[in-house]
Amino acid sequence: MSCNKNEIVELLQQENLTELFKRANGVRKEFCGDEVHIRGIIEFSNYCCRNCFYCGLRSDNKNIHHYRMGIGEIVALADGIAQDGVKTIVLQSGDDFGFRRSDICLIVERIKKNNPDTAITLSVGERPFDDYMAFRDSGADRYLIKHETSNPHLYEKLHPGQSLKKRIEILEFLKKIGFQIGSGFIVGLPEQTSNDLADDILLLKKLDVDMAGIGPFIPNGQTPLASHPYGNPDLTLKVLAAARIVTQNVHLPVTTALATLCGENGLLLGFSAGCNVIMPDFTPDNYRKDYTIYDDKFRITLDLARDVILKANRKIATDCGDSLKC
Ligand code: SF4
């Protein structure tokens, strides 16, 4: 549905959540069906050369215990996830050039060789465009790189040395070379307005993304935003519902950040607001404790993911859940 900015702002200001969710859920049912897709995440390195103000992996945070998983370890973990019946594997890290282009290609090639019907999403940040082409050639199917905020001034304040323009160019390039692309943003950033959030949703539409991760801000005590308040869960749910109404068939995950604020109920509420994806975390415990983008991160396990899908009266998808735009 085409909504203009004012109409989206009105959706975000709506007080009757039941009504808004009913509308969003109707759109979800019409354009995405009742199936929920499970994507298994491996957070394989917490090194990052960037310095985002809200993130515990930022390079200025010296109170972090760093790790990099080995290539064989990542591939073996991915094989196990595929054997558990999960058809999408998300490989995520900070912007870590300790993993060379050839390393990431090798990981993708080996996982694909062992599990040809499994989709691979890369979420490894800003890299040279040649890297993206090589990743695509190696068999990666999707790329997730959130725009985080569509307000260019806020973007530059929160991401020293980076620009929204570049982020958008990357997303456009990834789409052009054949990736299914994922963006997304944070709800509850400092100085963020309803207009900004409406622009965030419109940007998803403009970029024609295939998936979008939208979650509330949660502070990390080791960052410049340590004392900034948590994002509002109700507002986050309204943004998710508005995003569903506007983008119709984009894959929308119930985010771990929402579960961190509201527990399992946050996942159920996310489904009722129009979400159709859940992303359990398979990172081994000894690494996961150090993947501290924000504090006290909730853990969505595969069992919990399956359980909440059924509790939400939805079906567990059995395919890899490619873009609904394909
Ligand atoms: S948000 Fe991503 S790019 Fe920014 S510091 Fe954290 S891991 Fe690095």
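This is a predicted model: local features need pLDDT of at least 70, side-chain atom pairs count only at pLDDT 80 or more; totals for chains, interfaces and linings use all residues.
**Entry 1: helix H7 and its neighbours**

I began with what the buried residues of H7 pack against: helix H5 (129-138), strand S4 (142-144), strand S5 (180-187) and helix H8 (194-207). For contact I used C-beta atoms, placed from the backbone, within 7 Å of each other. Helices (H or I, at least four residues) and strands (E, at least two) are DSSP runs, numbered from the N terminus.

Residues are numbered from 1 along each chain as its sequence is written.

H7 covers residues 164-176, and its 13 residues reach 18 Å from first C-alpha to last, close to the expected 18 Å at 1.5 Å a residue. That expectation is 1.5 Å times one less than the number of residues.

Which residues of H7 are buried? I found Arg-167, Ile-170, Leu-171 and Leu-174. They sit on the same side of H7, because they cover an arc of only 95° around the axis, taken from the directions from the helix axis to the C-beta atoms. On the other side, Lys-165, Lys-166, Glu-169 and Lys-176 are exposed. My cut-offs: buried is 20 or more other C-beta atoms within 10 Å of the residue's own, exposed is 12 or fewer, partly exposed is in between, with C-beta atoms placed from the backbone.

After H7 comes Gly-178, with a positive phi near 105°.

**Entry 2: Leu-17**

I looked up Leu-17, which is found in helix H2 (residues 17-32). Leu-17 has 15 C-beta neighbours inside 10 Å, so it counts as partly exposed. Leaving out residues up to four places away in sequence, Leu-17 touches Asp-234 and Leu-237. I also checked Leu-17 against Gln-92: they are 75 residues apart along the chain, and their C-alpha atoms are separated by 33 Å.

**Entry 3: the ligand shell**

What surrounds the ligand? I listed Cys-48, Arg-50, Cys-52, Cys-55, Leu-57, Arg-58, Gly-94, Asp-95, Gly-125 and Ile-293, using a C-beta atom, placed from the backbone, within 6 Å as the test.

**Entry 4: the whole chain**

I counted 13 helices and nine strands in the chain. The C-alpha atoms fill a box of roughly 50 × 40 × 35 Å along the principal axes. Of the 326 residues, 47% count as buried. Among contacts with a separation of 6 or more, 78% come from residues 24 or more positions apart.

Technical notes
Two residues are in contact if their C-beta atoms, placed from the backbone, lie within 7 Å.
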